[in-house]
Amino acid sequence: YSQLKPLNGNHHGQDLESKLVHDRGAFEESFVRHVETTLARNMYNCDNLAAYQAASSTVRDALLVDWANTQQKQTVHNGKRVYYLSLEFLMGRAMDNALINLKGRDNAAAALSDLGFNLEDVLDQEPDAALGNGGLGRLAACFVDSLSSKNYSGWGYGLNYQYGIFKQKIIDGYQVETPDYWLKYSNPWEIDRKEIQIPVDFYGHVYEDYDPNSGKPKKIWSGGERVLAVAADFPIPGYNTDNTNNLRLWNAKPTHEFDFTKFNAGDYQQSVGAQQRAESITAVLYPNDNFYSGKELRLKQQYFWVAASLHDIVRRFKKTNKSQWEKFPEQVAIQLNDTHPTLAIVELQRVLVDLEGLEWDHAWSIVTRVFAYTNHTVMTEALEKWPVDLVGRLLPRHLEIIYDINFFFLKDVEHKFPDDRDILGRVSIIEEGNEKSVRMAYLAIIGSHKVNGVAELHSELIQTTIFKDFVRVFGKDRFTNVTNGITPRRWLRQANPQLAKLISEKLNDPNYEYLTNLGNLKKLEKFIDDDEFLTKWDAIKFHNKRRLTALVKEETGIELDPTVLFDVQVKRIHEYKRQQLNIFAVIYRYLRIKELLASGVSIDEIKLKHYISKASIFGGKAAPGYYMAKTIIHLINKVGDVVNNDPEIGNLLKVVFIPDYNVSKAEIITPASDLSNHISTAGTEASGTSNMKFALNGGLIIGTVDGANVEITREIGEDNIFLFGNLSESVEEIRHKHIYEGVQIPETLQKVFDSIESGAFGNPEEYKVLLDGIRYHGDHYLVSDDFDLFLDAHIKLEKVFGHHGGDASDKDHLHRWVKKSVLSVANMGFFSSDRCIDEYAENIWNIEPLNQ
Ligand code: TH1
């Protein structure tokens with residue numbers, strides 16, 4: 001480190017980076033070299049896949065230069081760094097993003113074309129890095145993009161799963177899961193750091209000893225199983241900057257040192273076997289979204305990842321700061337993405353007290369200055385509660401520390417509220433009962449200096465419901481809101497290049513500076529009466545719809561008419577997200593159309609007076625063990641079979657389920673929607689982020705007053721969004737009524753239930769759980785209460801989109817929808833993840849960007 005000096009003069013690396021990405025000849029030369037050396041092939045034997053590997057290796061080489069320079073610069077600067085701990089990073093593809101961020105896309109396209117390849121086809125070869133379930137993992141991916149783009153020094157830490165989220169096939173209308181072995185070919189974006197190996201221990205026991213230096217008693221955790229964490233690094237380029245941060249994902253590997261005395265005394269076979277099992281820790285991502293399943297291997301993943309990351313952070317700190325622990329919170333901020341990494345709090349306390357010999361209180365004051373916790377859900381089935389027995393067996397010393405943290409905490413609470421005996425039980429980290437458990441969210445709150453929700457409504461809800469006692473204990477200041485955001489590089493420029501280009505032209509911004517100053521979109525409002533502009537805007541939407549039409553044809557065989565309204569709902573399948581509400585409304589529409597036809601009304605007349613033509617497009621994965629969600633998928637597919645094959649219907653209604661929804665498909669689907677559904681039961685969707693992606697791409701939203709929909713409405717104006725449904729304040733009361741007075745099924749919904757039960761969509765037995773859940777088991781998600789309101793919202797929006805019911809003499813008629821689309825985009829600047837990261841940096845992490 002003493003040899004490190006700020007870079008000056010020596011820009012050899014920078015030249016290389018610049019050349020590879022910006023010089024056509026240099027790109028081609030490097031490409032050919034990679035074909036011949038890295039791939040050991042020749043140019044006559046180079047298909048699109050090989051071309052992808054050679055091209056990505058070239059881009060990777062360029063990234064590595066920036067990455068090395070950035071790390072050196074950050075080390076020399078020696079400022080505070082933020083570490084984002086997330087069990088999921090749903091990155092998607094890397095190459096297009098890297099080319100865009102490095103401004104090398106046109107050059108790469110030209111070079112590849114010289115060599116006989118088409119850039120789009122080459123990009124299409126890349127498998128998605130699908131190391132996440134849904135919004136939470138994609139948020140982490142957007143955050144690392146913004147950390148780099150805004151010149152922060154920030155690393156991500158996660159796990160390098162061999163299998164990401166499963167691939168979804170639809171067979172006979174059912175979801176079938178197949179493994180996603182995404183590392184089939186070597187991964188050019190991964191830099192193996194085989195030399196970075198951190199031992200992580202499990203099981204064993206704790207005993208007390210005396211510290212020979214101080215003579216004080218000291219806890220020793222010993223025995224058990226040891227696994228190695230080996231680093232794999234992924235460079236994260238920023239947009240329009242050289243700043244390239246690091247995403248470090250751990251691989252579990254066997255150790256090669258066996259301690260047969262501590263380990264399975266003398267049993268060679270068994271200890272080798274145990275070692276081979278080490279790799280299973282990072283083998284597979286748990287496929288649950290918004291659900292806690294309590295599996296031992298999952299807890300092992302959490303501790304493995306947290307221990308490796310913390311020791312890496314501590315080691316880096318000690319290199320320059322030795323044991324000046326007071327400096328630790330000035331150098332390190334750690335953000336906990338949900339409660340999954342909560343053990344990091346306990347682990348840091350253990351490191352400081354047991355290994356570094358700090359006094360408990362001193363250590364704890366450091367710990368709480370370092371950590372901050374983001375809550376992403378209020379759904380009780382998603383809140384982690386690890387059984388005390390399991391924690392004690394896997395991590396005996398950690399359980400002791402958790403009990404000590406709880407003891408000191410409860411003592412403080414007792415002091416503060418001497419007359420309130422009940423509060424102790426309510427806020428205790430340990431939940432008493434048949435099976436005692438550790439409430440991870442409580443531990444996370446107690447060990448952090450800030451706790452944030454992910455949208456205003458959600459942040460308000462956590463303070464008044466699940467964490468209200470903690471607001472009393474710690475005061476309002478510990479709680480805050482940081483509304484989620486999305487990266488406009490991937491979700492506008494990459495997914496919707498034509499719209500991004502039109503915007504850059506209109507804003508007179510040839511360098512696309514607006515992509516890092518998204519508030520500039522506001523200037524689009526000036527053109528709201530510019531007919532030529534509106535026509536172009538509309539044409540781009542149409543182009544994107546054709547692109548989606550091709551994808552749908554390829555994936556399902558179904559031919560969509562791109563002139564009809566594309567009504568989209570793509571997200572994880574979950575009862576609270578209410579795909580069932582959507583498909584019930586589709587069934588209702590189909591039944592009404594059939595009735596009208598039966599009574600002699602012609603198709604053309606229906607289109608003119610009753611229903612506009614539309615395609616209902618669904619997509620999303622169900623957790624493999626989530627029976628109800630799988631039932632919903634099945635119903636959607638069966639409705640599609642019936643409706644799409646009904647010769648009377650034509651293009652008036654189509655229903656498609658796009659299999660295996662993922663990030664790269666989202667990049668095609670999002671820009672093609674006219675309307676998207678964000679219709680969760682009020683109070684259940686913490687934020688939602690696809691709502692932002694759709695609105696940023698000029699799609700209108702039909703949604704409930706939930707999550708970030710509330711702020712989207714505030715920003716874009718309530719005329720430009722179709723809101724409906726009961727409000728979150730009423731939900732509790734309505735649920736109560738369902739249970740005590742029974743559920744009222746409206747006539748409209750009853751019609752739908754009758755047709756399902758008549759067998760119109762296959763064996764009604766298969767849908768019994770779904771219908772009974774609503775009729776007889778309390779309709780927890782308020783489908784019956786919101787159904788007619790949802791239908792009404794559709795009637796309203798169809799008047800805007802379609803011709804019927806509209807005033808034909810209205811000159812603006814044709815552009816009514818397009819204007820709302822433009823106004824949405826113009827006012828979406830707030831939802832850039834750059835804004836979001838700036839808020840975290842200022843209010844939570846206390847870090848500043850590094851000047852380039
Ligand atoms: C999601 C929330 O459901 C969503 O509303 C939010 O926009 C997103 O996080 C990002 O903040 C969640 N995903 C998970 C996944 C797991 C556990 C809890 C949540 S909350 C595994």
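**Exercise 1. Determine how many residues of domain 2 and of domain 3 are in contact, and describe the interface between the two domains.**

*Solution.* Step 1. Contact is taken as heavy atoms within 4.5 Å; on this basis, 36 residues of domain 2 touch 44 residues of domain 3. The model is predicted: local features need pLDDT of at least 70 and side-chain atom pairs count only at pLDDT 80 or more, whereas totals for chains, interfaces and linings use all residues. Residues are numbered from 1 along each chain as its sequence is written, and side-chain values use heavy atoms, with hydrogens and water left out.

Step 2. Domain bounds come from an automatic or database domain assignment. That assignment gives domain 2 as 81-89 + 128-185 + 238-245 + 287-483 + 837-845 and domain 3 as 495-831. Over C-alpha atoms, the centres of domain 2 and domain 3 are 34 Å apart.

Step 3. Buried area is the accessible area (1.4 Å probe) that two parts lose on being put together, summed over both. Between domain 2 and domain 3 this area is about 3000 Å², with 53% from carbon and sulfur atoms. Q168, Y239 and L457 supply 19% of the area that domain 2 buries against domain 3, more than any other three residues.

**Exercise 2. State how many salt bridges are counted between domain 2 and domain 3, and which elements of domain 2 touch domain 3.**

*Solution.* Step 1. A salt bridge requires a side-chain nitrogen of Lys or Arg within 4 Å of a carboxyl oxygen of Asp or Glu. The count between domain 2 and domain 3 is 3.

Step 2. Helices (H or I, at least four residues) and strands (E, at least two) are DSSP runs, numbered from the N terminus. Two or more residues on the side of domain 2 that touches domain 3 come from each of α7 (135-149), β5 (167-171), β6 (174-178) and α17 (456-464).

**Exercise 3. Describe how β5 and β6 pair.**

*Solution.* Step 1. Strands pair if DSSP finds at least two bridges between them. β5 and β6 are antiparallel, with 5 bridges; I171 stands opposite Y174 in β6.

Step 2. The two strands form a hairpin with 2 residues between them, and D172 in the turn has a positive phi of about 55 degrees.

**Exercise 4. Give the strand order of the open sheet that contains β14, and identify its edge strands.**

*Solution.* Step 1. The 3 strands are ordered β14-β16-β15, with antiparallel pairing. The edge strands, β14 (385-387) and β15 (430-431), each pair on one side only.

Step 2. β15 is joined to β16 (residues 437-439) by 2 bridges, and V438 in β16 is the bridge partner of I430.

**Exercise 5. Explain which parts the salt bridge of D124 and R93 ties together.**

*Solution.* Step 1. The closest N and O atoms of D124 and R93 are 3.1 Å apart.

Step 2. D124 lies in the loop between α6 (119-123) and β3 (129-131), and R93 in the loop between β2 (89-92) and α4 (95-101), so the pair links parts 31 residues apart in sequence.
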